[in-house]
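Welcome! Take a look at the picture below, and then we will walk through it together.

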Amino acid sequence: MSKSEATEDSSASELIDRRLAEIGDWRGRTLSRMRQLIREADPDVIEELKWVKPSNPGGVPTWSHDGIICTGETYKSTVKLTFASGASLNDPAGLFNSSLEGNTRRAIDIREGEEVDPEAFKALIRDAVAFNASRGKARPRGRA
């Protein structure tokens with residue numbers, strides 16, 4: 001990893017840290033916990049903030065490895081983790097509970113007080129990384 005890529009990763013990670021702290025309630029804690037599980041499942045994951053715009057100045061936390069793995073968004077009553085290629089992943093634990101009708105994405109909606117099986121979630125992350133690698137659409141690190 002080049003110095004500029006490390007700086008980009010660090011900057012995005014710091015921005016995500018700040019964003020989670022700003023949320024400050026159960027949603028911030030939940031997304032922070034899921035972020036930690038993503039990092040445990042894939043120590044080489046790249047964190048980015050994507051889709052920064054006036055209506056969403058904080059952007060969307062995004063985790064990538066050879067392509068997007070998932071995004072993390074907070075809503076009033078849910079934390080939503082959307083997997084870019086979720087329809088192509090193995091989900092034996094049945095974690096996907098949202099966006100089930102599409103041909104590509106799948107999501108996990110987490111409501112206050114709900115827990116996601118950490119080992120099943122990490123297996124899903126690893127499967128997403130393997131799927132991205134198998135497609136041969138690898139992008140340079142730090143780019144999207």
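In which strand does Ser64 lie? Ser64 belongs to strand E2. Please keep in mind that this is a predicted model.

Ser64 has a relative accessible area of 8%, so Ser64 is buried, as the cut-off for that is under 20%. Its side chain is joined to that of Glu48 by a polar contact of 3.3 Å. Setting aside neighbours within four places in sequence, Ser64 also has Val45, Ile46 and Ile69 among its contacts.

Now for the sheet. Five strands make up an open sheet in the order E1-E2-E3-E4-E5, and their pairing is antiparallel. E1 and strand E5 (106-110) are at the edges with a single partner strand each, so one side of each has no neighbour in the sheet. From one strand to the next, the twist averages 20 degrees. Strand E4 (residues 79-83) pairs with E5 in the antiparallel sense over five bridges, and Phe83 has Arg106 in E5 as its bridge partner.

Helices join the picture too. H2 packs on the sheet, where it touches E1, strand E2 (60-64), strand E3 (68-74), E4 and E5. The direction of H2 makes about 30 degrees with that of E4. Helix H3 (residues 118-135) lies across E3, E4 and E5 and runs at about 135 degrees to E3.

How many aromatic pairs does a search of the whole structure find? There are two aromatic pairs, shown here:

| Pair | Type | Centre to centre | Angle between planes |
|---|---|---|---|
| Phe83 and Phe96 | edge-to-face | 5.3 Å | 75 degrees |
| Phe83 and Phe121 | edge-to-face | 6.1 Å | 80 degrees |

Each pair links distant parts of the chain. Phe121, by contrast, sits in helix H3, and Phe83 and Phe121 are 38 residues apart. Phe83, Phe96 and Phe121 form one aromatic cluster. Phe83 is buried at 0% relative accessible area, Phe96 is buried at 10%, and Phe121 is buried at 0%.

Two last stops remain. Asp44 lies in the loop between helix H2 (26-41) and strand E1 (46-50) and is partly exposed, with a relative accessible area of 46%. Asp44 and His65 are 21 residues apart in sequence and 7.3 Å apart in space, C-alpha to C-alpha. Finally, Lys50 lies over the face of Trp51, 6.0 Å from the ring centre.

Note on methods:
Residues are numbered from 1 along each chain as its sequence is written. This is a predicted model: local features need pLDDT of at least 70, side-chain atom pairs count only at pLDDT 80 or more; totals for chains, interfaces and linings use all residues. Side-chain values use heavy atoms; hydrogens and water are left out. Helices (H or I, at least four residues) and strands (E, at least two) are DSSP runs, numbered from the N terminus. Buried means under 20% relative accessible area, exposed over 50%, partly exposed in between (1.4 Å probe, protein chains only). Two strands pair if DSSP finds at least two bridges between them. Axes are lines fitted to C-alpha atoms, for helices over the stretch in contact, and angles run from 0 to 180 degrees between N-to-C directions. Contact means heavy atoms within 4.5 Å. A polar contact is a pair of N or O atoms within 3.5 Å; within protein, one must be able to donate a hydrogen and the other to accept it, and residues adjacent in sequence count only if both atoms are side-chain atoms. Rings of Phe, Tyr and Trp (its six-membered ring) pair if their centres lie within 6.5 Å; planes under 30 degrees apart count as stacked, over 60 as edge-to-face and the rest as tilted. A charge sits over a ring if NZ of Lys or CZ of Arg is within 6 Å of the ring centre and within 35 degrees of the ring normal.
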